[in-house]
Amino acid sequence: MQEAVKGLILQRGLAIGDPLPTESELMEELGVGRNSVREALKVLQAVGIVDIRHGFGMFVGHMSLNGLVDELAFHSRITLQHERNHLGHLIEIREILESGLVQRLIDEHVDHDLTPHLSAARKVIEQMEAEALVGPVTPETDRLFHDVLYRPLGNPLVGRLLGAFWEVYHQLSDDLGPPDETPADVARKHRHIFTAVDTRDRASATTAVRVHFDGVRARLARLGQQ
């Protein structure tokens, strides 16, 4: 039934935000009962394919990774209690992804001067450094840096995927215990990533990304020794 609804969306060429047929129309067109339609719509709503707005109707939904985040966070929490490696694997994947992204960003910076487009990331770094002077760097500022840094690549999935990884880590941060890094350390590591991209220094960019994740690995290692 879920595949039938998705097939209908594709056949009609509907785009994100377009209205969907009503429950009654779906029942008639697909030849199924109301319960089957409702169950399928609930599942599709959970994964972001269908957006149900009570009192307004149903629409093609925006992409959502909430289901993925919840599943990864849950299984990572389980392995923190036992194998203690699932979150480490996620961090490794994110590091590999960001290592490739900074190189791609430098490629673009070499071919087309991205200095104006990097100004947003520069401002976030300055905000991060200001926060570090008076207390911890907020998780929102940390997340924003990684979001805006890669925007010049023009790939909207990058922000969504990194946001999903960030959300999993954020949900589990209390389980990992307090960080070993000071706020100044956090700001400095992010500054090194930005500077390497801004100066088109490939080797430094790779090193800066690796060092950025060393703090997370240290927290995981400390947890494994407990």
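**Contacts, burial and overall form**

Reader: Which residues are in contact with Ile 106, leaving aside its neighbours within four places in sequence?
Author: This is a predicted model: local features need pLDDT of at least 70, side-chain atom pairs count only at pLDDT 80 or more, and totals for chains, interfaces and linings use all residues. Residues are numbered from 1 along each chain as its sequence is written, and side-chain values use heavy atoms, with hydrogens and water left out. Contact means heavy atoms within 4.5 Å. With those neighbours set aside, the contacts of Ile 106 are Ala 196, Val 197, Arg 200, Asp 201, Arg 202 and Ala 205.

Reader: How far apart in space are Ile 106 and Val 197, C-alpha to C-alpha?
Author: Ile 106 sits in helix 5 (residues 86-111); helices (H or I, at least four residues) and strands (E, at least two) are DSSP runs, numbered from the N terminus. In sequence, Ile 106 and Val 197 are 91 residues apart. Their C-alpha separation in space is 5.7 Å.

Reader: Is Ile 106 buried or exposed?
Author: Buried means under 20% relative accessible area, exposed over 50%, and partly exposed in between (1.4 Å probe, protein chains only). Ile 106 has a relative accessible area of 0%, so the class is buried.

Reader: Which residues does His 190 touch, not counting those up to four places away in sequence?
Author: His 190 belongs to helix 9 (residues 183-198). His 190 counts as buried because its relative accessibility is 2%. With residues up to four places away not counted, His 190 touches Ile 125, Met 128, Asp 142, Phe 145, His 146 and His 212.

Reader: Which residue in strand 2 stands opposite Val 50?
Author: Strand 1 (residues 50-53) and strand 2 (residues 57-60) run antiparallel and are joined by four bridges; two strands pair if DSSP finds at least two bridges between them. Their hairpin has three residues between the strands, and Gly 55 takes a positive phi near 90° there. Opposite Val 50 stands Val 60.

Reader: What is the radius of gyration of the protein?
Author: The secondary structure comes to ten helices and two strands, and the C-alpha trace spans about 60 × 50 × 30 Å along its principal axes. The radius of gyration is taken over C-alpha atoms, and the globule rule is 2.2 Å times the number of residues to the power 0.38. A compact globule of 226 residues would have a value near 17 Å, but the protein has 22 Å.

Reader: How much of the protein is buried?
Author: The protein has 226 residues. The share of them that is buried is 37%.
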